[in-house]
Amino acid sequence: MLIIQNFAVFEGGDGSGTTTQIVLLKERYARLREAQAGPAAGPGIPPLHLTYEPTAGPIGVMIRSALRGELSLRPETCARLFAADRNEHLYGAGGVAERCARGELVVSDRYVLSSLVYQGLDCGEELPWSLNRGFPGPELLFFFDLDPEIAMERIRSRPGRDLYERLDFQIRVRERYRALLPEFERAGVRVLCIDASQSAEESAALVWAALEKMPIMKG
Ligand code: TYD
């Protein structure tokens, strides 16, 4: 598998805290960049671009309305939309590939593995594999592992409920992640499993320790 250097992704079941980790990373990065600013500062840490899938682009918007149940789409149609959204996310203007190539650190909330897991459960493994096998892998993949019962408890307080936010489905999601992670590792992706039952700050510290070791962070 081709690997995009300077690219890290967060993966996990719904309610596992990937979005919280993106926020904490953003805050930590802002503090660091501030501390490094000033006329005497050296090159410092690279620019950070935080992003997510489904994206805020037109295809991502359509996907989210399907996830909310406002738009009824066949699972295979959704699988194709997720892949099309990803293609724009990766290769569109100002996208992941372009940013990583110019020396930014890019961190995405979800990527290919989400499709292999979720759409794999929804419409069988073959279609998501064929739609996604051409995409390059990230340099680093964080998997936030959490008991689905606890994850569903965390989700309960949120307004509305998405298509996949059901305990029985989330139990299978966790199983599929665990089964597929070794394949990504074998394909050359560095995989880090984070026990997401610990506090968000503890998880964030582990995330940071791994990001810090990426070659891009050493200038
Ligand atoms: P996410 O944005 O993480 O959820 P939230 O809106 O609660 O922050 O992801 C939205 C949903 O999309 C989530 O249930 C996982 C699903 N998903 C897929 O099924 N396939 C994919 O390829 C991606 C990127 C997400």
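Let's start with Arg86: one of its polar side-chain atoms lies 2.9 Å from an oxygen atom of the ligand. Keep in mind that this is a predicted model, so read the distances as computed from its coordinates.

| Side chain | Ligand atom | Distance |
|---|---|---|
| Arg64 | oxygen | 3.2 Å |
| Arg86 | oxygen | 2.9 Å |
| Gln119 | nitrogen | 2.7 Å |

How much of the ligand's accessible area does the protein cover? On its own the ligand has 550 Å² of accessible area, and the protein covers 89% of that. As for where it is, the ligand sits in the largest pocket.

Now for the neighbours. The ligand is surrounded by 15 residues, and Asp14, Arg86, Arg110, Ser115 and Gln119 are the closest. Sorted by class, that shell is made up of 7 charged, 4 polar and 4 nonpolar residues.

Which helices supply the shell? At least two residues each come from helix H2 (58-67), helix H3 (75-91) and helix H5 (112-123). H5 gives the most, with 4 residues.

Going along the sequence, they come in the order β-α-β-α-α-α-β-α-α-β-α-α-β-α. The chain's radius of gyration is 17 Å, close to the 17 Å that the globule rule gives for 219 residues, so the chain is as compact as a globular protein of that length. Taken along the principal axes, its C-alpha atoms fill a box of roughly 55 × 35 × 35 Å.

Finally, two backbone spots to look at. Where does the chain have a cis peptide bond? It joins Glu53 and Pro54, with omega at about -5°. Pro54 lies in the loop that runs between strand S2 (48-52) and H2, and H2 is one of the helices that supply the ligand shell. The other spot is Asn6, which isn't a glycine but still has a positive phi, about 75°. Asn6 is placed in strand S1 (residues 3-12).

Definitions and conventions: Residues numbered from 1 in each chain as written. Predicted model: local features only at pLDDT ≥ 70, side-chain atom pairs only at ≥ 80, totals over all residues. Heavy atoms only, no water. Near = heavy atom within 4 Å. Polar contact = N/O pair within 3.5 Å; in protein donor to acceptor, adjacent residues only side chain to side chain. Areas by Shrake-Rupley, 256 points an atom, 1.4 Å probe, with all protein chains shown as cover. 1 Å grid on protein atoms, 1.4 Å probe; cavity = no way out; pocket = protein on both sides within 12 Å on 5 of 7 lines; lining within 4 Å. Sits in = over half its atoms within 2 Å of the grid points. Nonpolar A, V, L, I, M, F, W, Y, C, P; charged D, E, K, R; others polar. Rg over C-alpha atoms; globule rule 2.2 N^0.38 Å.
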